[in-house]
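My notebook is open, and I want to get to know this chain. I'll start with the overall build and then go to the rings.

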Amino acid sequence: MPGVLKEFREFVLRGNVVDLAIAVVIGAAFGAVVAALVADIVTPLIAAIFGKPDFGALQFTINGSTFKYGDFLNAVITFLSVAAAIFFFVVKPMNLFLARRKAKEEPPPAAPTEDIQLLTEIRDLLSANPR
């Protein structure tokens, strides 16, 4: 039994398991922020433009079957809002940060090797003295 507990402890304390747990917690917290953004900013904006903050009541009936396309519209708007929030508040700033970091890390161009320098000098001398 002690071997199983030791093995379980090693599994739980692996770096990738801990990283995954942290990512899930941060993702849940970010989900709450995005949900508040959608509920408090996007939904009132949609209500101001279209006159309705919620499309859930939109539906039509054919032969006794009800098609609630308003719920689908709500889901699409929520998805697009979440995707836009993630793109503009996470992906875009991260890409800018990584681009700046990469620009700082790029080594200066290497000096030409001795044979390239000699060939360049020969070319320059030949072009300076045309026959």
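Here are my entries, from the whole chain down to single side chains.

**Ground rules.** I'm working with a predicted model, where local features need pLDDT of at least 70, side-chain atom pairs count only at pLDDT 80 or more, and totals for chains, interfaces and linings use all residues. Residues are numbered from 1 along each chain as its sequence is written, and side-chain values use heavy atoms, with hydrogens and water left out.

**Helices and strands.** I looked up the secondary structure and found 4 helices and 2 strands in the protein chain. These are DSSP runs, numbered from the N terminus: H or I with at least four residues for helices, E with at least two for strands. Along the sequence I read the pattern α-α-β-β-α-α.

**Overall shape.** How does the radius of gyration of the protein chain stand against that of a compact globule? I got 30 Å, while a compact globule of 131 residues would be near 14 Å. The radius is taken over C-alpha atoms, and the globule rule is 2.2 Å times the number of residues to the power 0.38. The box filled by the C-alpha atoms is roughly 95 × 65 × 30 Å along the principal axes.

Buried means under 20% relative accessible area, exposed means over 50%, and partly exposed is in between (1.4 Å probe, protein chains only). The accessible surface comes to about 11100 Å², and carbon and sulfur atoms own 69% of that. Those areas come from the Shrake-Rupley method with a 1.4 Å probe; for residues, only the protein chains shown count as cover.

**Contacts.** Among contacts with a separation of 6 or more, 25% join residues 24 or more positions apart. A contact means heavy atoms within 4.5 Å.

**Aromatic rings.** How many aromatic pairs does the structure hold? I noted 3. Phe60 and Tyr69 have ring centres 5.9 Å apart and planes at 40 degrees, so the pair is tilted. Rings of Phe, Tyr and Trp (its six-membered ring) pair if their centres lie within 6.5 Å; planes under 30 degrees apart are stacked, over 60 edge-to-face, and the rest tilted. Phe60 is partly exposed at 38%, and Tyr69 is partly exposed at 35%. Phe87 and Phe88 have centres 5.0 Å apart and planes at 80 degrees, so I wrote down edge-to-face. Phe87 is partly exposed at 36%, whereas Phe88 is exposed at 53%. Last entry: Phe60, Phe67 and Tyr69 form one aromatic cluster.
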